[in-house]
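Dear colleague,

I am passing on the structure we spoke about, and I would be glad if you could look through it alongside the notes that follow.

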Amino acid sequence: MSFKIIVLAKQVPDTRNVGKDAMKADGTVNRAALPAIYNPEDLNALEQALRLKNKIEGATVHILTMGPARAAEIIRESMYRGADGGYLLSGREFAGSDTLATSYALACAIRKMGKVDLIICGRQAIDGDTAQVGPQVAEKLGFPQITYAEEILDLSNSKITVKRRLERGVEIVRGPLPMLITVNSSAPECRPRHAKLTMKYKRAVTPTEKQEAGNDYTDYFDTHPYLNITEWGVGDIDHEIQWLGLSGSPTKVKQIENVVFTAKESKRMTASDVEIEDLMKELIANHTIG
Amino acid sequence: MNNIFVYLEIEDGIVGDVSLELLTKGRSLAKQLNCKLEALAVGFKLEGIGAQVFPYGVDVLHLADDKRLFPYTSLPHTSLLVNLFKEEKPQIALMGATSIGRDLGPRVSSALFSGLTADCTSLEVGTYEDKKAGKVYENLLYQIRPAFGGNIVATIVNPDCRPQMATVREGVMKKEIKDAKFIGKTNKLDVAKYVADTDFVVEVIERHMEKSKLNIKGSPIIVSGGYGVGSAENFKLLHELAATLGAEVGASRAAVDAGFAEHERQIGQTGTTVRPKLYIACGISGQIQHIAGMQESAMIIAINNDPKAPINQIADYVITGNIEEVLPKMIKYYKKNSK
C-alpha cells in the first residue's frame, strides 16, 4: 500500500544575521545577500514525516519547495536524513509572491502529484513569521488542517491523531486523511544526517544543476535514477497565470523603514555598593518600587 | 456592507483581551472610515457576549451559537466567516494573532482571495498610489508590521481585495471602553445556512487549557533576562529579585531559545508587548525585536557587561557590571531601605 507524504519546506535567509543589503529597493527581500538555511520548523516537520515512514509500510516522504535553483540544497539535506526525494518549484513567474500566491503555486504542484495522503510543514518560516502558507495550501486543496502539532500520536483506519501545543494549552484531535499538519518547534528535533544516505545522495541534482555541471555524468544519472531531483517550472503545473507571483499577491508593500529608536539620556553607573544603594533609595523614594 | 468586522475569541464564555483590544482599535478605525463596527461570536452558549462587547461600541453583534462550534475547529469557523463575509462584504476584518486567529485567518483569506497581514503592530488609514497602474486608492488600511527578525518595519496594503485582513497580538493595542451603556444590535445567525455538516471532520478528543499563571502584561515591574544571563541557574537570581520587588520575570527570545526561561515569559515582537512602570533588563543586548516589545516602559534599567549594548540607548539607568554581582546588591539594598 502506498502512502505518500509531502513535506513543504522552505530555504530561508538566516534572519539572525541580517546585513544592510537585505532588502531590495522594491521592498522585497534580497535573498542573495543572506546565508540560506533550512527553515527550522520545517525540519521538525520532516522528522514527523520520517517517523511515519518508519512505521507505515510503503510510505514515502518527498519534499516540495518553491525557490531559486539553490533551494535544491534543502531537498538534498532532507534526503541525507531519510527522505525519498523532492520537487523544486522554480521560475521567475513565482517571484514576488506573497503567502497567498505561494500557497496557490504549491497547491498546483501538489495536485500534479496525484494522490497525496498527508502534507506536513513547519508552522512558520523565520523570514516572515506569518504561519499562513500551511493553512492557505490546505484551503486551496480542500484538505482539513491540524496546526501546531507537537506529536503525531496515531495513524490508523485513515484517521490521524495529533497532539497540538497551543499558546495556553494542549489539545488532542483526530481527523481524516488526506490532511495537512503544521508542526511546532516544540516537536522533537530532526534526526541528523545519515552517513550512508549522505554518500548515496550527495550527487543528487536538479536538471538545472546537471546542466551547470556539464554532460560528463549523463549516463551515470540514467543508471542511478534516484539522483534526479524533480524540477518544475510554471509550464509543468496546471495554473492560471494571474494567481502567480506579484499579480497573484493581494498584499502590496507600500513602504519599508529601518527601525530607529529614540535614544534617551541615560544615567551611567557602576556596580559599586554606593551607587546601587543610591539607586534603590531613589526608586523607593519616587514610588517606582516598594 | 463595507463595515469593520472583529472575530471574537471566547473561552469559558469570556471574550479574550485580544478581541477587546481589537474592538477598541476597530471602533476608532470605524469612526475614521465612517462605517460600522461589527463583531462575530462563534461558539456555544453565547448569551453573555453582548454585555461584554457592546461597551466597546459594537454596532452589530453576530452570534453563531451551536454546540458543535465549541471548542474551535478550523473548517466550521472558516465556513462561517467565509460565507458571512460573502454576504456582508466587510472592508476590514481583524482577528487576534493567537493560536486560533493564526489558524483561521489564513484559511479565510485563502478562500476569499483577500490579503492577510500577520502580527501587525499598528493599523492606520491612508492613501496608496499604484504608480504602475496610475491609480490612487483612498482610505486603505495600513497594516504595519515588523519583518526580518524586527530589523525593518513594513507597511502593507491590500488595494484591490476585500476584506483587508490583519491579525494583531495580544497586548499590542490598548483596550478602552467607549460607553458602558451603549447597546448595539444582535443578529442571530442560522448556523446551518453557513456551515455544512461535512465541515465537522476534526474532533477534539482531549483539551487542557490553562489559565496562564503568569501575568507579565499586567505586572507593574518586570525583571527580564537575555542570553547574557548565561544559564538557567543564573536566571534564579532574576526570580529572587522579582520576588523581592513583587515583579514578574520576563525573557528575551534568545534566552527562551537557549532554554533559560519558559516560552510564555518571552517579551518582544514574537512574544508579549509590555508597558510596565519599571523594566529591569539583565544581560539583554537589545535586539530590535525585543526593544519593540518593551520600549514603552515608563522606566528602564539596563544591567550589562557591555557598555555599548544597544539597549543602553533607550535605558534611563545603565549599570555596567555582572548580573551575579549587581542583582544580589539590588536585593540587599532594597531590603535595607524599604522598611
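The domain bounds used in this message come from an automatic or database domain assignment. Please keep in mind throughout that this is a predicted model.

With that understood, the assignment for chain B gives domain 1 (4–199) and domain 2 (221–337), and the C-alpha centres of domain 1 of chain B and domain 2 of chain B lie 34 Å apart. Eight residues from domain 1 of chain B and seven residues from domain 2 of chain B take part in the contact between them. On the side of domain 1 of chain B that touches domain 2 of chain B, the residues comprise two nonpolar, five polar and one charged.

Turning to chain A, there are eight helices and 13 strands, and the C-alpha trace of chain A spans about 80 × 45 × 40 Å along its principal axes. Of the 290 residues in chain A, 45% are buried. If one takes the contacts in chain A between residues at least 6 apart in sequence, 69% of them join residues at least 24 apart.

One helix pair in chain A was examined in detail. Helix H3 (residues 99–112) of chain A packs with helix H4 (residues 133–141) of chain A at an angle of about 50°, their axes being 8 Å apart, and that angle makes H3(A) oblique to H4(A). The crossing of H3(A) and H4(A) is right-handed. H3(A) contributes to this contact A:Thr99, A:Leu100, A:Thr102, A:Ser103, A:Tyr104, A:Leu106, A:Ala107 and A:Ile110, while H4(A) contributes A:Val133, A:Gln136, A:Val137, A:Lys140 and A:Leu141. Sorted by class, the residues in the contact of H3(A) with H4(A) are eight nonpolar, four polar and one charged.

Finally, there is the interface between the chains, where the contact takes 65 residues from chain A and 73 residues from chain B. On the side of chain A that touches chain B, at least two residues each are supplied by H3, H4, strand E7 (145–156), strand E9 (169–176), strand E12 (252–258), strand E13 (267–270) and helix H8 (273–285) of chain A. E9(A) gives the most to that side of chain A, with eight residues. By class, the residues of the side of chain A that touches chain B are 28 nonpolar, 18 polar and 19 charged.

With best wishes

Note on methods. Residues are numbered from 1 along each chain as its sequence is written. Chains are lettered from A and ligands numbered from 1 in the order in which they are written. This is a predicted model: local features need pLDDT of at least 70, side-chain atom pairs count only at pLDDT 80 or more; totals for chains, interfaces and linings use all residues. Helices (H or I, at least four residues) and strands (E, at least two) are DSSP runs, numbered from the N terminus. A residue is buried if 20 or more other C-beta atoms lie within 10 Å of its own, exposed if 12 or fewer, and partly exposed in between; C-beta atoms are placed from the backbone. Two residues are in contact if their C-beta atoms, placed from the backbone, lie within 7 Å. Axes are lines fitted to C-alpha atoms, for helices over the stretch in contact, and angles run from 0 to 180 degrees between N-to-C directions. Angles under 35 degrees count as roughly parallel, over 145 as roughly antiparallel, 65 to 115 as roughly perpendicular and the rest as oblique. A crossing is left-handed if the near helix is turned anticlockwise from the far one by less than a right angle, and right-handed if clockwise. Ala, Val, Leu, Ile, Met, Phe, Trp, Tyr, Cys and Pro count as nonpolar, Asp, Glu, Lys and Arg as charged, and the others, Gly among them, as polar.
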